[in-house]
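Here are my notes on the model you sent. Please read them with the structure open.

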Amino acid sequence: MRIGEIAAVVGLTTRAIRHYHHVGLLPEPERRPNGYRAYSLRDAVLLARVRRLTELGLSLDEVRDVLADDAGRELADVLTELDADLARQEAEIRERRRRLAVLLAAGPGEAEPLSPALAALLAKAPRTDSPAAAKDREHLILLDATGAGGQEVYAALGPLAADPAVLALYVRLDELAYAPADDPRIPPLAAELVAAVPDEVFAAVPADGTVVAGFKEALLAEYAPAQAEVVRLVMEAFIERGRG
């Protein structure tokens, strides 16, 4: 059989067969005097088996192991491993669909693709129209998406998020939106914000204060000058206490 004929028999393309030759999966057959490859029935059986194994999801390296003689892995072992991998993928897909269902069930703007730990934290926070509180929520969502957050940190922030007194601190920060960077209200507000944060959160802050590269600069740029000064003082206190 020529390459086109064996390709038609086993349901493969000639390009696929040439690729199998190139990667060493299928030995090159003898060539006829005219230079064409001459495939045998044994080659057809081998290619049919390759096709079945790849359709099951095996990689070409795994197929090579199965087809090898004594040095190869047993087919049953490879299929067992493949089955376990597919089971893991199914579990991941089910979890992703569960989270997607939550988003679809919520109204527009009422849900975010959050980790369960952050979702639980934000659920504890009382509703507020504070722009500063909204910024904090956005920053937490960003850190959560980058993996810089953490279940322990979110758990430690739980009592703080649920404390109505924190809303008053946000209001005071909002009031600095049009104040100068040397407003006398800045130092006491920064000190009270630092005092409100649990020690467990400080312990999670890296020694150099870098949670995500460029985050600090981008964060400060979002605030008005006086507000940025409060946030800067709070972040410096975080770094200092985190080192301690």
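How many helices and strands does the chain have?

1. Overall fold. This is a predicted model. The chain has 13 helices and zero strands. Read from the N terminus, the order of elements is α-α-α-α-α-α-α-α-α-α-α-α-α.

2. Burial and surface. The chain has 244 residues, and 32% of them are buried. Its accessible surface is about 15300 Å². Carbon and sulfur atoms account for 56% of that surface.

3. Contacts along the chain. Take the contacts with a separation of 6 or more. Of these, 59% join residues 24 or more positions apart.

4. Main core. The largest nonpolar core contains 27 residues. Leu118, Leu176, Leu189, Leu193, Val230 and Val234 have the most contacts inside it. At least two residues of this core come from each of helix 6 (116-124), helix 7 (131-146), helix 8 (151-162), helix 9 (165-174), helix 10 (186-196) and helix 13 (225-243).

5. Another core, of 18 residues, lies apart from the largest one. Ile6, Tyr20, Ala44 and Leu67 are among its members. In soluble globular proteins, nonpolar side chains tend to be buried together.

6. A residue to look at. What does Val234 touch, leaving aside neighbours within four places in sequence? Val234 is in contact with Ala190, Leu193 and Val194.

7. Aromatic rings. The structure holds zero aromatic pairs. The charged end of Arg2 sits over the ring of Tyr36, 3.9 Å from the ring centre. Lys135 lies over the face of Tyr223, with 5.5 Å to the ring centre.

Technical notes:
Residues are numbered from 1 along each chain as its sequence is written. This is a predicted model: local features need pLDDT of at least 70, side-chain atom pairs count only at pLDDT 80 or more; totals for chains, interfaces and linings use all residues. Side-chain values use heavy atoms; hydrogens and water are left out. A nonpolar core is a set of buried Ala, Val, Leu, Ile, Met, Phe, Trp, Tyr and Cys residues joined through side-chain atoms within 4.5 Å. Buried means under 20% relative accessible area, exposed over 50%, partly exposed in between (1.4 Å probe, protein chains only). Helices (H or I, at least four residues) and strands (E, at least two) are DSSP runs, numbered from the N terminus. Contact means heavy atoms within 4.5 Å. Rings of Phe, Tyr and Trp (its six-membered ring) pair if their centres lie within 6.5 Å; planes under 30 degrees apart count as stacked, over 60 as edge-to-face and the rest as tilted. A charge sits over a ring if NZ of Lys or CZ of Arg is within 6 Å of the ring centre and within 35 degrees of the ring normal. Accessible areas come from the Shrake-Rupley method with a 1.4 Å probe; for residues, only the protein chains shown count as cover.
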